[in-house]
Each structure stands twice: as structure tokens, then as C-alpha cells.
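Colleague: I am new to this structure. Please show me how to read its features, one at a time.

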Amino acid sequence: MKEHLVNYLMKHKKNSDLRYSMITGLNTVIPPEFIRDKRVVIIGNYGDGNLGDEAMLLILLRYLHKLNVNSVYIPTKNPSFISVTYKHKYPSIFPIYFLDVIRILLSFLCADTIIIGGGSIYSQESGIGTVFSSILGFLARTLFKKRLIFAGIGYSKSTKRFVKEISKLPLSVADIISVRDYQSLNNILSLGVKPDRVMITKDITLFPFLLPASPQYGREILIHEGVPVNYEVTLVGISVRYTDSKVANEKVVRVLPEVIKWIVDNANAYIIFLPFGPAYVSRVSDSEFAMRIISQLPERYKQRCKVISYYPPSIMLSIIKHLDVIIGMRYHALVFAYKVGVPYVGISYDEKCTNFLVDTGKKVIQAEDLSFDELINELKKIKIFQR
């Protein structure tokens, strides 16, 4: 089935390439007249600390702030995280605990525009929050004539059937639907949504409202973390993610240590593990999973590895910009590498990673089928390993 998905995407690659060659503004996805001086609700996986999701929220907040949005209501599992992280710079935001049904209902009634997205709103992991938001979005649009926008969403083929049926409601009445890849477009069209209602745009994190912190700052962070920053050492970033697949997890823990040894021996490399998901987001944090991998290494290789701290999006972008190559499982680790022009090799654990790798002309290496030879062959294509 996974081979079929890759073949399907390659067949339509010409269509998908277009979104990476176009310069697209957020005003295409969220027209200024829909939000200027208005009240807005943003629905997404925000406030959990997942670096990709927080990057999307930051971009949306910067765009809304630029257009003098009156109030921004953000349903979230972690209102305190939103307040501490963003409130000082964006005082017009109002995080709402996601189980506070009354306040959420009131925010939908008060708002002029509902923005659902970006990110994987509809996937196998979609739960009651997605269903509730979909129904509220539909009612807000049909009964109260609110604007409804889907902004840069991912729509997975693995979305549960019940959630698919519910999603038809808001998608059928939305003012604008933008998706981040061709597969999401196809999945939405299979629901019966008219093609002229959907457009393919970039992933929201690729828009210019998020830029790396100053290069000097990223360098200072690496030095503070104890990473050797000089031209003689090859810096290799690795982003891993604990998955729901036992086979994939075991493959990653078994294969990556062998790959790390090869990289260190052949490129005088230092390995930096980049956490995109802290402990309160995943059952196993990226840092903990990285330590499992490092624990499989002999001591002399362990000394060439570092799991750095969790950093906000702009700082992580600056850090990545200093690296020579990225090996990424996390979807947004790949997107960040692409954004700052750092070579990358992807290990796909999910449809969204497969979509992105195909869209950007990269080989798809499935986590469950991960092998030493396949990963090394892709690394050998990168200039730094051709010395």
C-alpha cells in the first residue's frame, strides 16, 4: 500500500512541484478583508509545544497582528503555554481550555472568521476536538454567516470514516480551502468537494512570516550546547520521532546507530539530535527516543553525539542553518531544512512525510523498511559525503 502511495504521488509530481516554485503570500490563503479589524478563532493543535505546530501558530499570529485583528481566540489543551509564549507580544490573543465548551461556543458566536489549520487537522489521530470544531465551523458558516477558512491543512487518507463524514460538512460550505500537498487535495475531492473550492499552497511554515534568528545567535546556541562549530567538523542534524509502529521504532533504534558510526568515520562528523516534540506532546519525547539510539553506540561514538535542548521555531531554524545535513523523521524537521536550504534525507513514518519528500524530489525511505544501505546511499548523494 505504501509503494502504491509513492507511485501515485510520483505520477502527479509535476502538479505538486508547482507549489514549491510559486511565491505565494498568506493573503492568498487568508484574504485581508476577512480578518482586518475583526475577531478570529484559530483551530489547530496549538499550545502543546510541538515545534511545527507552534511555528504555524506564530506565523498566523504575526499575520493577524499585522492586519490589526481585534481578538484571536485559540482553543487549546494548554492555555498557560499560549499565554506565557505569546501574550506579551500579541495581547489580543485569548487562549481557551479545549474542554471549556461554553467559552468555545461563545468564541464561535463572537468571531467574524473561523480559521481551521494549518497542519494535519484530519488524520488517523483526529479525535473529538476535530469533530466538535468541524461541526461548530459548519454551523457558524451556515447559521450565522461567519467566514470559514481551511488554511494549509493536511488531509490524510487514513482519517477515520466517521471523521471523514463529519468533515464533509464544513468543507462543503467553506469560503476558502487550501491544502499543503496534492494527496490532501485528492483526499478532499474524494469526499465530493468541488475542485474549484480547493487550492494547493505551501505548508504554512514556508511562508515568510517565520525567519531564522540571526546566524550568530544560532552559532552561540550550538557553542553553549557544547557542539564544536568549526569548518573541520561536519555537523549532522538528526530528528527522530517515536511512532505507533513497533516495527518502525525497532528499525530506527537498530539502524541509526550503524549509520551514525559510518557518518562519524567517513566525514569527521558531530551528531546533533534536534527535539521537535517535548515530553508533554508525545508518549516518548524526541529527546528520550534519541537517547535510546545513542545508548546503542560504543563510547567513542557517544562522545560525538549531543541531544540539544528544545528551542522555539526561529531559533531552531537558525541552528539548522549551521548544519551540513539533516536526517529527518519529523515532518517539520524536513520542512525547516528545506526552508533554510540545508540538504536533507527523510525517513517517512507518515503520509505527510511521504508527500513532502515526493513533492521536493527526494527518495522516500519508509521507517518500517529502514535499512543501512538505503540510508547511506542517499547520504552519499550529498556533497559533504563525496570528499
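**Reading the contacts**

Modeller: Start with one pair in this predicted model. E374 and K363 form a salt bridge, and their closest N and O atoms are 3.4 Å apart.

Colleague: Which parts does the pair of E374 and K363 tie together?

Modeller: E374 lies in helix α18 (residues 372-379). K363 lies in the loop between α17 and β13 (365-366). The pair therefore ties together parts that are 11 residues apart in sequence. E374 is partly exposed, with a relative accessible area of 21%. K363 is also partly exposed, at 37%.

Colleague: What is the general idea behind such pairs?

Modeller: Side chains of opposite charge can pair when their charged atoms come close. A search of the whole structure finds 13 salt bridges here. Some share partners: R141, R147 and D175 are joined into one network that way.

Colleague: How many residues apart in sequence are the parts tied by E125 and R241?

Modeller: First, the contact. The side chains of E125 and R241 meet in a salt bridge of 3.9 Å, N to O. E125 is in the loop between β4 (113-122) and α8, and R241 is in the loop between β8 (234-239) and α12, so the pair ties together parts that are 116 residues apart in sequence.

Colleague: Now the rings. How do I read an aromatic pair?

Modeller: A pair of aromatic rings is described by the distance of the centres and the angle of the planes. The whole structure holds 11 aromatic pairs. In one of them, Y344 and F356 are tilted, with 6.2 Å centre to centre and 35 degrees between the planes. Y344 is in strand β12 (residues 344-348) and F356 in helix α17 (residues 351-359), so the pair ties together parts 12 residues apart in sequence. Both Y344 and F356 are buried.

Colleague: Which residues do ring pairs link into a cluster with Y344 and F356?

Modeller: Y331 and Y338 belong to that cluster as well.

Colleague: What about disulfides?

Modeller: A disulfide is a covalent bond between the sulfur atoms of two cysteines. The count here is zero.

Colleague: What does L256 touch?

Modeller: L256 sits in helix α12 (residues 246-267). This residue is buried, with a relative accessible area of 1%. Leaving aside residues up to four places away in sequence, L256 touches I238, V240, K251, I293, I347 and L375.

Colleague: Last, the surface. Which helix gives the most to the nonpolar patch?

Modeller: Helix α7 does, with five residues. The patch covers about 840 Å², and its members include V101, L105, L139, F144 and L169. Both α7 (101-110) and α8 (128-142) supply at least two residues. F144 lies in the loop between α8 and β5 (147-155), and F144 is partly exposed at 46%.

Technical notes: Residues numbered from 1 in each chain as written. Predicted model: local features only at pLDDT ≥ 70, side-chain atom pairs only at ≥ 80, totals over all residues. Heavy atoms only, no water. Disulfide = S-S within 2.5 Å. Helix = DSSP H or I, 4+ residues; strand = E, 2+ residues; numbered from the N terminus. Buried < 20%, exposed > 50% of the residue type's maximum accessible area, 1.4 Å probe, protein only. Contact = heavy atoms within 4.5 Å. Patch = residues over 30% accessible without salt bridge, like charges linked within 9 Å, V, L, I, M, F, W, Y side chains within 5 Å. Areas by Shrake-Rupley, 256 points an atom, 1.4 Å probe, with all protein chains shown as cover. Salt bridge = Lys/Arg side-chain N within 4 Å of Asp/Glu carboxyl O. Phe/Tyr/Trp six-rings, centres within 6.5 Å; stacked < 30°, edge-to-face > 60°.
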